[in-house]
Amino acid sequence: MEKKFVMHFPPVLVDKPIISTIVRKYNLDFNILKAFVSPEEEGTLVIAFSGGEKDVNSAVSELKDEGVKIQMIESDIKMIRERCTDCSVCVGLCPVGALMMDKDTYEVKFTPEKCIACELCIRGCPTKAMVSTI
Amino acid sequence: MKTIKEINERIKEGKAVVVTADEVVELARTAPVKKIAKEVDVVTTGTFGPMCSSGVFLNFGHSKKRIKMGGGRVYLNGVPAYTGLAAVDVYVGATAIPDDDPRNSEHPGEFKYGGGHLIEDLVGGKEVEVVGSAYGTDCYPNKGLRTRITISDLNEAILFNPRNCYQNYNVAVNLSDKTIYTYMGVLKPRLGNANYCSAGQLSPLLKDPYLKTIGFGTRIFLGGGVGYVAWWGTQYNPSVKRRENGIPVGGAATLALIGDMKQMRPEYLKGASLTGYGTSLIVGIGIPIPVLNEEIIKWVSVTDEEIYAPIVDYSYDYPNSTGNVLGSVSYGELKSGKINFMGKSIPTGSLSSYKKAKEIAGILKEWIKSGEFLLTEPIFYFPGQDSGYKFKPMREV
Ligand code: SF4
Ligand code: SF4
């Protein structure tokens, strides 16, 4: 199973390799979708964990114990292809490159695996082609 | 030198050579202008973007007990229509929204349904609810009615857009610290994204920058059907400064367009909801450019890399009409997905669909090639760069 999370690391934890320790311990695959450190030195990570359900849950609770604030990304964003006009106004809004324009066909493609459900595209799409299903 | 008449003869014989504007750009990279001018008869252009100054005239026919909705009120699917006309003629504009729409009371408003969506529904053959109220007269005694109609029940549905097809347009950015919601889309703070709205090298008026072939009466592709240029568009501004290749440095010419909406298609007339701004209509337009001489080939082969758009801040400069332009950038760079500006790499997005613009130019090309669409000689040409015609700001006293 795969689950996506937004994790906030307080400044004291930013430099520590806790993620690599945890994924090794629980034998998880991970995919970093977005990472940045704020001017206040708090780290934010949008990450997908995949592995056994129990292992993912244990890894998350252990990270919480270490002081990491964690929210699971639950909503599911979809593109309704018939409504999309391939304008690309969502492409410039998407913070993680989940919406990209194919340079050969000029078609806008949505990659759900990369999406962090920030919902910016939902507000930005003029034809309501991007929707959230929870 | 060719004439429109000669080109039409070739179209009728099925011999006309027609290429789309992006194809001619590619041709011109290798072939000399002279050769292209000799071989090509028509270049087709296309654009597909939100154009707020769009709307439709409708005539319902008369109810058994007559009603004079003129001077009264009419709602179509809740969208108010303009009734300052005769008894059963109305106009519905793309930005009209139901009286009970929450608008921006909870900012940014969603603007789920408005005139643009109503037009899309009508063109798509959907049934629409009509509610009319009137004050009643001796000859029109009915004071209220409620019915349902489709486009085929109407006597006329005349799409009439007073301003479409902007020749070049701003690139919108946001220099402020908060997200803003504009007609140019959602703009993230501190140059978080840059939105543009033009088909660039496919855009009709960028391919005939001095409107040497387009004028009153020009036959065009409009909303999936056939339409005509009805006048120059509102806010027409031919005196804008130009680069050497004739391309204006910012928004300049516009067109008013007209056509029978009954033969149009919902794929090319789409309702739009611009969060925090309002509703609009996305209009598909294609204009044929006859290759009358070599000069025209020079215009039509201008590439995205040679067309520049002004970058404007929509957090302060635009709302306060400061006239400030932050810089300029080519459509080539805009279409790459990122621009480098003020020391930042900024992701770009377009409100205008290049894919659809290409599709439209392609359809128009096929229409012409098949002999079913003939070119027109304009009845007259629009005021030019040196005419003194200018777009003025509002007089405020
Ligand atoms: S919700 Fe939309 S904008 Fe946000 S990450 Fe997903 S695709 Fe990108
Ligand atoms: S903004 Fe909407 S219509 Fe435009 S490309 Fe994205 S999903 Fe498609």
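Predicted model: local features only at pLDDT ≥ 70, side-chain atom pairs only at ≥ 80, totals over all residues.
Residues are numbered from 1 along each chain as its sequence is written, and chains are lettered from A and ligands numbered from 1 in the order in which they are written. Local features need pLDDT of at least 70, side-chain atom pairs count only at pLDDT 80 or more, and totals for chains, interfaces and linings use all residues, while side-chain values use heavy atoms, with hydrogens and water left out.

In chain A, an open sheet is formed by four strands in the order β2-β3-β1-β4, with antiparallel pairing. Strands are DSSP runs (E, at least two residues) numbered from the N terminus, and two of them pair if DSSP finds at least two bridges between them. The edge strands of chain A, β2 (29–37) and β4 (69–72), each pair on one side only. From one strand to the next, the twist averages 20°, where axes are lines fitted to C-alpha atoms and angles run from 0 to 180 degrees between N-to-C directions. Eight bridges join β1 (residues 2–9) and β3 (residues 43–50) of chain A in the antiparallel sense. Opposite H8(A) stands T44(A) in β3(A).

Ligand 1 is surrounded by 13 residues, the closest being C94(A), C115(A), C118(A), E119(A) and C121(A); a residue is near a molecule if one of its heavy atoms lies within 4 Å of it. This shell comprises twelve nonpolar residues, no polar residue and one charged residue. Ala, Val, Leu, Ile, Met, Phe, Trp, Tyr, Cys and Pro count as nonpolar, Asp, Glu, Lys and Arg as charged, and the others, Gly among them, as polar. Around ligand 2 there are 14 residues, of which C84(A), C87(A), S88(A), C90(A) and C125(A) come nearest. Its shell has ten nonpolar, three polar and one charged residues.

Over all chains, 25 aromatic pairs are counted. Rings of Phe, Tyr and Trp (its six-membered ring) pair if their centres lie within 6.5 Å, with planes under 30 degrees apart counted as stacked, over 60 as edge-to-face and the rest as tilted. W232(B) and Y389(B) form an edge-to-face pair, at 5.4 Å centre to centre and 80° between the planes. W232(B) is buried, with a relative accessible area of 17%, whereas Y389(B), at 33%, is partly exposed (buried is under 20%, exposed over 50%, partly exposed in between; 1.4 Å probe, protein chains only). Both residues belong to a cluster linked by ring pairs, which also includes F216(B) and W231(B).
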